[in-house]
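Keep the sequence and the 3D view open side by side. We will walk through the fold one element at a time.

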Amino acid sequence: MSKVPSFWSPRIAGLEPYVPGEQPRIANLVKLNTNENPYPPSPRAIDAICAAAESGLQLYPDPESTRLREAIAIRHGLDSKQVFAGNGSDEVLAHAFFAFFQQAEPLLIPDVTYSFYRVYAQLYDIACELHAVDDALRIDDAALAARAAAGCAGIVIANPNAPTGIGLPLSRIEALLGACPDRVVLVDEAYVDFGAESALPLIARYPNLLVVQTLSKSRSLAGLRLGFACGQAHLIDALQRVKNSFNSYPIDRLACAGAIAALEDEAWFAKTRDDIVDTREGLVLQLEDLGFEVLPSQANFLFVRHPGHDAAELAASLRARAVLVRHFKQPRIAQYLRITIGTRDQCTTLVGALADILPAH
Ligand code: PMP
């Protein structure tokens, strides 16, 4: 091991890669740690994947994912030239960082947000300026807009934010777009379907808006790896140039077929999304009864803390009871737990385990 770094390019040793939530093999695990959807994907998606597996796997897929981009465009009232698709939204985000944010000024991101943003910035040598969320962990969009107006490489926010679950209304996003008209404002809408307002309707009016979404959460397809970006054609062209300088075929035939079928099954999407939102609202009340403070969530997870209990210890006690939640050892949020909304039964198990762990409250 000691000799390995001599083979590495100089910057590799300094990278601090993203660490995803664990995917352990524990029997009867209640897995509420990585914001997956607890329900399976649309049966139509499974059928389409099986059909695609039976014909054509010896051939490369369409490098432009034309049919998929058309399906996304139709669903969102866009032109397919305004849609870019990639291998999960993580890949789409990485390409966007490379395409838009390598500028002389720093990129602006909130200090509490999806931690992968700082990893991409480091990978592509992009300076980041972190903007403190307020004491309620809300993005201070007015301060961000004022700072952006003074010159920046762009802005990246998740809406709703991760891991807080708190959403920003569209009017505030418009203020950010107006503050830096010559730089890209990237709005990561990984969780938007669970209750926040999408910025997609703003695309026609804002040439600097890039909206990124994923089929991993509200379409139950985390295992298929499908994300996409929407924006005016000049932004999508830039992403295509990066993609075609990196991997011609990031989306395989199975993913393409499954994603199209999932996007077309509006009824399955609406039913599973509504179940998750209902379960979330019930879980908020149960956790509050147990003494937790729960941030207002527009996502498929809750961000909570207990005034009388250390978050890391609670996470460990839950793990000992085969319930996984996410704890981030990061400044400002080290006393919080992020809990993915599971099925009603999974949430009942979680609440039972917590009632068992917390001394009589
Ligand atoms: N953005 C945010 C805010 C996320 O939490 C995640 C999931 N970890 C992603 C993007 C990436 O999702 P995927 O690559 O599965 O599309």
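The model is a predicted one.

Strands of a sheet pair through backbone hydrogen bonds, either parallel or antiparallel. Here the order is 9-10-12, and the pairing is antiparallel. Strand 9 (293-294) and strand 12 (337-340) are the edge strands, each pairing on one side only. Helix 9, residues 266-289, packs on this sheet and touches strand 9, strand 10 and strand 12. The direction of helix 9 makes about 10 degrees with that of strand 10.

Now look at how strand 10 meets strand 12. Strand 10 covers residues 301-305, and four bridges join it to strand 12. Leu-302 has Ile-339 in strand 12 as its bridge partner. Val-304 is bridged to Leu-337 of strand 12. Strand 12 is covered on both faces. Leu-337 and Ile-339 are buried on one side, and Arg-338 and Thr-340 are buried on the other.

Next, go to strand 8. This strand spans residues 227-230. Which strands are joined to it by four bridges? Strand 2 is joined to strand 8 in this way, and the two run antiparallel. Strand 7 is also joined to strand 8 by four bridges, again antiparallel.

Helix 2 runs through residues 66-76, and its buried residues are Leu-68, Arg-69, Ala-71, Ile-72 and Ala-73. Their cover includes strand 2 (83-86), strand 8, helix 7 (233-243) and helix 8. Just after helix 2, Gly-77 takes a positive phi of about 65 degrees. Helix 7 buries Leu-235, Ile-236, Ala-238, Leu-239, Gln-240, Val-242 and Lys-243. These buried residues pack against helix 2, strand 2, helix 3, strand 6 (184-188), strand 7 (209-214) and strand 8.

Finish with the two helix pairs. Two packed helices are described by the angle between their axes and the distance between the axes.

Take helix 1 (residues 43-54) and helix 8 (residues 253-264). They pack at an angle of about 150 degrees, and their axes are 8 Å apart. Angles over 145 degrees count as roughly antiparallel, so helix 1 and helix 8 are roughly antiparallel to each other. Helix 1 passes helix 8 in a right-handed crossing. From helix 1, the contact uses Arg-44, Ala-45, Ala-48, Ile-49, Ala-52 and Ala-53. From helix 8 come Arg-253, Leu-254, Ala-257, Gly-258, Ala-261, Ala-262 and Glu-264. The residues of this contact divide into nine nonpolar, one polar and three charged.

Helix 3 (residues 88-100) and helix 4 (residues 116-123) pack at about 45 degrees, with axes 10 Å apart. That angle makes helix 3 oblique to helix 4. The crossing of helix 3 with helix 4 is right-handed. Asp-90, Leu-93, Ala-94 and Phe-97 of helix 3 make the contact with Phe-116, Tyr-117, Tyr-120 and Ala-121 of helix 4. Seven of the residues in the contact of helix 3 with helix 4 are nonpolar, none is polar and one is charged.

Note on methods. Residues numbered from 1 in each chain as written. Predicted model: local features only at pLDDT ≥ 70, side-chain atom pairs only at ≥ 80, totals over all residues. Heavy atoms only, no water. Pairing = 2+ DSSP bridges. Contact = heavy atoms within 4.5 Å. Axes fitted to C-alpha atoms, helices over the stretch in contact; angles between N-to-C directions. Parallel < 35°, antiparallel > 145°, perpendicular 65-115°, else oblique. Left-handed = near helix turned anticlockwise from the far one by under 90°. Nonpolar A, V, L, I, M, F, W, Y, C, P; charged D, E, K, R; others polar. Buried < 20%, exposed > 50% of the residue type's maximum accessible area, 1.4 Å probe, protein only.
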